[in-house]
Amino acid sequence: MPHDDMEDKPLTHLADKGSAPTVTDRKAHPTLAGKNAHPTLAGRNAELARDIVPTSILMGIVLLGWELAVRLRHVPTYILPAPSLIAATLWRHAPTYLSAAAITLSEALGGLLIGLWVGIIVAITITFWSNLERGILALAILLKATPMVAIAPLLIIWFGFGALPKIIITAIITFFPVLINVHSGLNAVDEALLALFHSLNASRWELFRYARWPSALPYLFAALKVVAPLSLVGAVVAEWAGASVGLGRTMWLAYTNLNLPALFAAVFCSATMGVGLYTVVIAVEKQVVFWKAKEE
Amino acid sequence: MNVDLRRVSKTFNGQGKPLLALDQVTLDIASGEFICIIGPSGCGKSTLLHLIADQIAPTQGNILLDGAPPAAARKRKAIAWMAQNPALLPWQTVLDNVSLPLHINRQYQRNAPSPVTLLEVMGLADFHAMYPHTLSGGMQQRVALARALSTGAPLWLMDEPFAALDELTRETLTEEVLQLWDDFRPTVLWVTHQIAEAARLADRVVIITAHPGRIHSIVPIKIARPRDETAPEIVAIIRDLRALLRHPQNQQPRARIVRGLF
């Protein structure tokens, strides 16, 4: 009999059905069961494995190929260092890289937060006062079209070698995608919802609070996914243009000395933090925009 | 709330030539009446509802709700609007969705049952903390209906509310609407494609013909509810309504209905 091995799962299913209210809508029951049937821990681990295993295998293959190519063909270190050498460099100078990474990360996060808030506030402003929309968007595009590589040295001339120019560059990079996406999101309210709010004679503030702002959240996170890793790139570029500390400074020093293991080690630190920030954004998104995750 | 339409016309100015969507519609609806509006696609029946809901303005003519223009009724939250799209807020629980009319435009609160009571009446009590996307289409429409009721509005405008649902769910929900209408006695304007549904629900069925949208005929149904669709007198009404919709130029069936009823 198949009953033995099916015992635990179908029983919880039946329990759900038993506790379901007596509603005539039959469709309600499976969804109710679906809601209560939380994914098991084993299921979650399997999901994690499915995500991580292929990536790890691919990375392993690439690193192994790289290592073998460098060793077998005797590629000089100043052209391409082997991954093992980069790892050794990283390990030997771990405190240096950690402190440099911490500085770059704090600059990136500072700029990210400022760009985020300014972007959100401007997006809300032009949604409420739509006659400002065209002018402000044109200015934002102008800012976006300006090459940051050119602005960075200028900011360093003005504000020195400290953190401020890095924060400004990162904020500018963050600002535009956030503004455009949040502005789209605030205007992406469903037609049917607008009709409903109109029928209740909702004020603009009520429409904003109950419909526009939540509608904009998925758009905000879409922007954040792009902007969070980019903020580190912005900070590094700004540091490259002139800094006394930070990963960009480490890279620049390593580059001018043709110390490629150190350069790669710094790049690795920056890339890892980028992936880390992205992961954090995804995790926060799942909590905040929970209704979207379930729709998919 | 009584609804009074006086020679109401609506022209849409799209690209190219203007489109006359509704032409000289005159209709008097008494307070507490259940009106079904049927007609072919694009005949302007939804436009008529949008006009009464103050979502668009008529090109000509007057609309009076209890003697005042629709805007006044809307501002007092006297209109409950419901359409095919349940339009629930996906980021709010069922209870918060049903409570929405109480949070919005707060200075007008009507004598309405509390959201908690409504959820109980509609069999949604156990779902109060759930989010809309976890519910089936039928349950979502039920939540939308509860939300419409929580306005306490004396006028319900329903634009094919259950058109997207399967037949059984639709039947169950229309029965519930009839029950609620009996309890609260609002004026109902119900747009539908379903002839049988109209025959089961309405005090009067308004038939609108297309191009331009005009009231072709108004068919009163004076049969006690609940109505059984298979009862011979309902079958006869369904047959006649269908004939009217199929051959609007032929006036014969209408005369027969009127004779048959009175």
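User: Roughly parallel or roughly antiparallel: which are H5(B) and H6(B) to each other?

Analyst: H5(B) and H6(B) are roughly parallel, a label for angles under 35 degrees, with over 145 being roughly antiparallel, 65 to 115 roughly perpendicular and the rest oblique. This is a predicted model, where local features need pLDDT of at least 70, side-chain atom pairs count only at pLDDT 80 or more, and totals for chains, interfaces and linings use all residues. Residues are numbered from 1 along each chain as its sequence is written, and chains are lettered from A and ligands numbered from 1 in the order written.

User: OK, at what angle do H5 and H6 of chain B pack?

Analyst: About 15°, with the axes of H5 (residues 137–150) and H6 (residues 167–184) of chain B 11 Å apart. Axes are lines fitted to C-alpha atoms over the stretch in contact, and angles run from 0 to 180 degrees between N-to-C directions.

User: And which residues of H5(B) and H6(B) meet?

Analyst: From H5(B), B:Gly138, B:Gln141, B:Arg142, B:Leu145 and B:Leu149; from H6(B), B:Thr169, B:Leu173, B:Val177 and B:Leu180. Contact means C-beta atoms, placed from the backbone, within 7 Å.

User: Switching topic, how many helices and strands has chain B?

Analyst: Nine helices and nine strands, counted as DSSP runs numbered from the N terminus (helices: H or I, at least four residues; strands: E, at least two).

User: What box do its C-alpha atoms fill?

Analyst: For chain B, roughly 55 × 45 × 35 Å along the principal axes.

Definitions and conventions: Two residues are in contact if their C-beta atoms, placed from the backbone, lie within 7 Å.
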